[in-house]
Amino acid sequence: MKLIDRYNRVHNYLRISLTDKCNYNCIYCNPNRLDSKLTKKNILSFEEILRVIEIFAKELEFKKFRFTGGEPLVRRDVFSFFREVQKLKNIYGFSTGITTNGSLLKGRTDELKASGIDSLNISLDSLDKYNFHTITKNDESERILSVIDESIRSGYSPVKVNAVIIKGINDLEIINFVDHFKDMNVNIRFIEFMPFGSNGWERNGLINYKEMKNIIEGKYSISALSSYKNSVAKDFQLKEHTAKISFVSSMSEHFCYSCNRVRISSMGKFRLCLFSEGKHEINFKELFQKNYSDEEIVDELMEAIQHKWEKHPEPEELSEMMSNNMMSIGG
Ligand code: SAM
């Protein structure tokens with residue numbers, strides 16, 4: 001059985017937020033330094049998440065699971081959890097990934113690989129110490145760069161490096177990113193700045209993917225790669241170098257028509273879209289407490305997916321309606 005919505009989109013990729021806690025307070029993600037809303041009672045336990053994964057993999061043919069947050073690696077015993085996921089992976093044959101700021105990965109990239117996590121996205125918004133601090137409120141740029149090196153040595157191929165580009169903050173670093181990573185086994189992903197609950201998004205701050213691409217083409221030649229069907233990114237190969245460059249154009253050219261993703265927050269709320277307001281949210285925590293069977297849960301999911309919108313609203317509208325922050329939803 002497949003999770004198909006009324007626009008015929010087949011969903012087979014689940015992004016799971018393991019926690020809304022983070023050791024960074026990035027200006028575009030948690031500008032007001034909101035505290036975690038999690039308690040022992042409302043957080044989805046690892047056992048519950050394993051059941052969620054099994055339902056999606058076994059009943060709905062999901063092929064990919066990504067763990068994010070908040071910062072997924074701040075959750076205690078997360079590596080043991082990954083090893084449990086690996087057992088399900090061996091049965092159902094899906095792939096796994098994490099999105100992390102990399103801070104807690106120092107010295108642990110081999111362990112991450114051995115625990116079965118297939119793909120690794122590391123967020124790094126600046127190569128400049130001062131700018132890195134302005135954005136993340138931390139002084140760890142060199143640490144994260146060394147974690148990226150380590151991850152490549154551990155066999156992540158490529159390591160995806162996520163950089164959210166904000167005009168007036170780090171747009172002058174676009175070329176520096178390419179200069180730095182051009183001969184490494186890295187896919188640099190330049191992400192358009194998105195509006196989330198009071199992160200001060202303005203159209204002025206948005207540097208769109210075409211502008212970013214032009215800046216890069218001022219110095220480098222790039223050639224388009226045929227991105228796979230559900231890719232959120234426009235992918236390019238840097239000619240005569242090893243790195244790939246991608247642009248995530250959620251704001252200027254959305255990719256909703258090929259969306260294959262759904263999400264679960266750390267409190268177990270099922271979300272149809274990163275930007276949806278949760279009107280048709282299923283709460284897995286509640287379903288588990290009410291002893292719903294797997295079949296009943298699948299019925300709920302089949303009903304909920306019919307409410308997925310065709311596409312998300314324009315950024316201006318999003319910036320008005322976003323009461324949620326990215327951390328609780330899971331980026
Ligand atoms: N803590 C992890 C990290 O730093 O990668 C995972 C969570 S973070 C919310 C996931 C991704 O969302 C990061 O790559 C981050 O840069 C991106 N992100 C967060 N807020 C964003 C925004 N307002 N616009 C664009 N990307 C954003």
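In this briefing, the axis of a helix is a line fitted to its C-alpha atoms over the stretch in contact, and the angle between two helices is taken between their N-to-C directions, on a scale from 0 to 180 degrees. The structure is a predicted model, and its chain contains 11 helices and 14 strands.

**The chain as a whole**

- Along its principal axes, the C-alpha trace extends over about 60 × 45 × 40 Å.
- Of the 331 residues in the chain, 56% count as buried.

**Helices H1 and H2**

- Helix H1, covering residues 46–60, packs with helix H2, covering residues 78–92, at an angle of about 20°, and their axes are 11 Å apart.
- Because angles under 35 degrees count as roughly parallel, H1 and H2 are described as roughly parallel to each other.
- The crossing in which H1 passes H2 is right-handed.
- On the H1 side the contact is made by Phe 46, Ile 49, Leu 50, Ile 53, Glu 54, Ala 57 and Lys 58, while H2 contributes Val 78, Phe 81, Glu 84, Val 85, Leu 88 and Tyr 92.
- Sorted by class, this contact of H1 with H2 has 10 nonpolar and 3 charged residues, with no polar ones.

**Helices H6 and H7**

- Helix H6, which runs over residues 174–181, packs with H7 at an angle of about 55°, and the two axes are 9 Å apart.
- H6 and H7 are therefore oblique to each other, and their crossing is right-handed.
- Where the two helices meet, Ile 174, Ile 175 and Val 178 belong to H6, and Met 212, Ile 215 and Ile 216 belong to H7.
- The contact of H6 with H7 is made up of 6 nonpolar residues, with no polar and no charged ones.

**Glu 211 in helix H7**

- Glu 211 lies in helix H7, which spans residues 209–217.
- Its relative accessibility is 29%, so Glu 211 counts as partly exposed.
- Leaving aside residues up to four places away in sequence, Glu 211 touches Lys 167 and Leu 206.
- Glu 211 and Ile 16 are separated by 195 residues in sequence and by 32 Å in space, taken from C-alpha to C-alpha.

Note on methods:
Residues are numbered from 1 along each chain as its sequence is written. This is a predicted model: local features need pLDDT of at least 70, side-chain atom pairs count only at pLDDT 80 or more; totals for chains, interfaces and linings use all residues. Side-chain values use heavy atoms; hydrogens and water are left out. Helices (H or I, at least four residues) and strands (E, at least two) are DSSP runs, numbered from the N terminus. Buried means under 20% relative accessible area, exposed over 50%, partly exposed in between (1.4 Å probe, protein chains only). Contact means heavy atoms within 4.5 Å. Angles under 35 degrees count as roughly parallel, over 145 as roughly antiparallel, 65 to 115 as roughly perpendicular and the rest as oblique. A crossing is left-handed if the near helix is turned anticlockwise from the far one by less than a right angle, and right-handed if clockwise. Ala, Val, Leu, Ile, Met, Phe, Trp, Tyr, Cys and Pro count as nonpolar, Asp, Glu, Lys and Arg as charged, and the others, Gly among them, as polar.
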